[in-house]
Amino acid sequence: MTKVVNYIAEAFEELRSNVTWPEWSEVQRLTIVVAVFSILFALATWGVDEMFANILEKFFTWIKA
């Protein structure tokens, strides 16, 4: 158990002393960039899904005929 506690304490110490944290304005800017690209990727995925669903629907309708 002491190994786990020691590991966690060392991890927090490394985060405090060795990590270079970005400025708050940069964090906000990058968060907006990630949100915009996530929305765009979700819309693109939805569009491709809808396109394939329509193609498959037309294909199976054609096969039934």
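**Entry 1. Terms and model**

I count a residue as buried under 20% relative accessible area, as exposed over 50%, and as partly exposed in between, using a 1.4 Å probe and protein chains only. I note that this is a predicted model, in which local features need pLDDT of at least 70 and side-chain atom pairs count only at pLDDT 80 or more, while totals for chains, interfaces and linings use all residues. Residues are numbered from 1 along each chain as its sequence is written, and side-chain values use heavy atoms, with hydrogens and water left out.

**Entry 2. Overall form**

I looked up the secondary structure and found two helices and zero strands; both kinds are DSSP runs numbered from the N terminus, helices being H or I of at least four residues and strands E of at least two. I then looked up the radius of gyration, taken over C-alpha atoms, and the globule rule, 2.2 Å times the number of residues to the power 0.38. The protein has 25 Å, whereas a compact globule of 65 residues would have a value near 11 Å. Along the principal axes, the C-alpha atoms fill a box of roughly 70 × 35 × 10 Å. Of the 65 residues, 0% are buried.

**Entry 3. Surface and charge**

I recorded an accessible surface of about 6500 Å², 71% of which belongs to carbon and sulfur atoms; the areas come from the Shrake-Rupley method with a 1.4 Å probe, and for residues only the protein chains shown count as cover. I also recorded 5 positive and 8 negative side chains, with the centres of the two sets 8 Å apart. Lys and Arg are the positive ones and Asp and Glu the negative ones, with His and the chain ends not counted; each charge is placed at NZ of Lys, CZ of Arg, CG of Asp or CD of Glu.

**Entry 4. Salt bridge**

I searched for salt bridges (a side-chain nitrogen of Lys or Arg within 4 Å of a carboxyl oxygen of Asp or Glu) and the count came to one. It joins the side chains of glutamate 13 and arginine 16, at 3.2 Å from N to O. The two are three residues apart in helix α1 (residues 2-17) and so are separated by about one helical turn. Glutamate 13 is partly exposed at 39%, and arginine 16 is exposed at 63%.

**Entry 5. Nonpolar patch**

I looked up surface patches, made of residues with over 30% relative accessible area and no salt bridge, like charges being joined within 9 Å and nonpolar side chains (Val, Leu, Ile, Met, Phe, Trp, Tyr) within 5 Å. One nonpolar patch has about 990 Å² of accessible area together, its members including Val4, Phe12 and Trp21. Phenylalanine 12 lies in helix α1 and is exposed at 52%.

I located glutamate 57 in helix α2 (residues 24-64). Its C-alpha atom is 59 Å from that of lysine 3, 54 residues away in sequence.
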